[in-house]
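Here is a short report for a reader new to this structure. Look at the sequence and the model first, then read on.

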Number of protein chains: 2
Amino acid sequence: MRARKLDTKTRKVQIARAALDLIAKQGPECLSIAAVAEKVGIVPSAVYRHFTGKDAILNAILDLLATTFRSIVTQARAAHSDPLDRLRDIIRRHVRFLSENQHLPAVVASEIIFGDHPERRAKVRDILLEYLGGIEAILGEGQLAGIIREDVAPRVAALMLLGIEAPAAALWKVSGGAYDIVAHVEAAWPIYLAGVEKRPG
Amino acid sequence: MRARKLDTKTRKVQIARAALDLIAKQGPECLSIAAVAEKVGIVPSAVYRHFTGKDAILNAILDLLATTFRSIVTQARAAHSDPLDRLRDIIRRHVRFLSENQHLPAVVASEIIFGDHPERRAKVRDILLEYLGGIEAILGEGQLAGIIREDVAPRVAALMLLGIEAPAAALWKVSGGAYDIVAHVEAAWPIYLAGVEKRPG
DNA sequence: GCTGATAGAGAATCGTGAATCACAATGCAC
DNA sequence: GTGCATTGTGATTCACGATTCTCTATCAGC
């Protein structure tokens, strides 16, 4: 049967979301035009009405990613005023998002970055740097407020914050979900906190 | 010209190493039978004399990986007696190895794990768990020695140790090597240390 | 309801890479 | 040196996925 005719603007969003979902839940090699098309409910060739090709779809996925990370930082800022509370909120939201999109890091790390498209790698870099920048800003504010040690470099601490999640996610994935990543974050937070916070005396 | 005839035992090692090198330095999509064959100096079809297929080669790569991680822990134990020194040595060796094999984590995370081979995923899990176990043992010894806080779970702390490297490596990769990952580890170590070590008072 | 522009369908093309096969060369055992 | 098992070669098959092309259906404006 024939799919309902929808305008490109709508289809573009549908296709990008479907592609993100496929790539995030089933891995990069599952991202085929055919699979995306089926998920959206159209035929493979129809995809080309809305995207020039697979590359364009990958770029659209990155745009979705950038939006997500941006909103994680924004929401954490809105929800808390204490820098340390904001950081904890970020890592919690970060983990929640990645839990729902298991394969995303792997994809971003391999398929997308190491394709033969330098400009796409630059895009990923910009997204990551913006995300880190948002975290570093909060760390800097914590230093100004005197609750985070001045001798921790914001960039290093920002990367370590993300480092709470990364290997745990890997373990979670290879063990088929047997490792409780949310509990891990809760257990890791005090350690991270002890590492960065300024102690009296 | 014709390649020298070598026995399967030798070729197996050559092929596995070549494959690891390709996959680690150029990314998973560059791992083709043709590429491996060329690197070894034989013709694609000759590869099938030694491996039943691509899957078997991937398994061989995992064996190489397991060996490497095992030796990282062993060497760190041999080089130091203090648990904290051992941990720092492990993360340093870990980073050095991964710096020389940039794409490896991405590959292990995506291509290998999320292929449709559950038994391979199990193999990766076992490798990771063994590696973590080695680190946890050292952490446990540190707790017994009274230099690591008893309230840090060894598994969590072991994962966080690896977490020092993971996001930094990602940044390093997307920025084309512009982030100094060795310096990152040196800067991150004191933060990690402050997080896990037992403080007087 | 007509019409043009837009979007979907389906067949066909094209390139790629894994895997197979029959044949040739090599090297060790004797 | 002969023989046989092993290894290497080149051609070929096969499947798959991206892309293109042409035709057809739909929708919005009139």
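A phosphate oxygen of DNA strand D sits 2.8 Å from a polar backbone atom of A:Ile33. This is a predicted model, and the distances below are computed from it.

**DNA strand D**

The contact at A:Ile33 involves the backbone of the protein. A:Tyr48 uses its side chain instead: a polar atom there lies 2.8 Å from a phosphate oxygen of DNA strand D. A:Lys5 points to a base. An N or O atom in the side chain of A:Lys5 is 2.4 Å from a base oxygen of DNA strand D.

These contacts belong to a wider surface. DNA strand D has 26 residues around it. The nearest are A:Lys5, B:Lys5, B:Ser45, B:Arg49 and B:His50. By class, the surface holds 10 nonpolar, 6 polar and 10 charged residues. Three helices each give at least two residues to it: α2 (33–40) of chain A, and α1 (8–26) and α3 (44–47) of chain B.

**DNA strand C**

DNA strand C is surrounded by 26 residues, and A:Lys5, A:Ser45, A:Arg49, A:His50 and B:Lys5 come closest. The surface near DNA strand C divides into 9 nonpolar, 6 polar and 11 charged residues. In chain A, α1 (8–26) and α3 (44–47) each supply at least two residues of this surface.

| Protein atom | Atom of DNA strand C | Distance |
|---|---|---|
| A:Arg2, side-chain N or O | base nitrogen | 3.0 Å |
| A:Arg49, side-chain N or O | base oxygen | 2.3 Å |
| B:Ile33, backbone N or O | phosphate oxygen | 3.0 Å |

**Two protein copies**

How is chain A laid on chain B? A turn of 179° and a shift of 0.0 Å along the axis do it, with an RMSD of 0.1 Å. The two copies are therefore related as by a two-fold rotation axis. The interface fits this picture. Of the interface residues of chain A, 98% are also interface residues in chain B, so the copies meet through the same surface.

**Inside chain B**

Next, a look at two helices of chain B. Is helix α9 (residues 166–174) of chain B largely enclosed or largely open? It is largely enclosed by the rest of the structure, because 7 of its 9 residues are buried. The buried residues of α9(B) are B:Pro167, B:Ala168, B:Ala169, B:Leu171, B:Trp172, B:Lys173 and B:Val174. After α9(B) comes B:Gly176, with a positive phi near 65°.

B:Ile181 lies in helix α10 (residues 181–196) of chain B. B:Ile181 has 6% relative accessibility, so it counts as buried; the cut-off for buried is under 20%. What does B:Ile181 contact, leaving aside its neighbours within four places in sequence? Its partners are B:Val95, B:Ser99, B:Glu165, B:Ala168 and B:Ala169. Two of these partners, B:Ala168 and B:Ala169, are also among the buried residues of α9(B).

B:Ile181 and B:Lys54 are 127 residues apart along the chain, and their C-alpha atoms are separated by 33 Å.

Key
Residues are numbered from 1 along each chain as its sequence is written. Chains are lettered from A and ligands numbered from 1 in the order in which they are written. This is a predicted model: local features need pLDDT of at least 70, side-chain atom pairs count only at pLDDT 80 or more; totals for chains, interfaces and linings use all residues. Side-chain values use heavy atoms; hydrogens and water are left out. A residue is near a molecule or strand if one of its heavy atoms lies within 4 Å of it. A polar contact is a pair of N or O atoms within 3.5 Å; within protein, one must be able to donate a hydrogen and the other to accept it, and residues adjacent in sequence count only if both atoms are side-chain atoms. Helices (H or I, at least four residues) and strands (E, at least two) are DSSP runs, numbered from the N terminus. Ala, Val, Leu, Ile, Met, Phe, Trp, Tyr, Cys and Pro count as nonpolar, Asp, Glu, Lys and Arg as charged, and the others, Gly among them, as polar. Buried means under 20% relative accessible area, exposed over 50%, partly exposed in between (1.4 Å probe, protein chains only). Contact means heavy atoms within 4.5 Å. Copies are superposed by least squares on the C-alpha atoms of residues with pLDDT of at least 70 in both.
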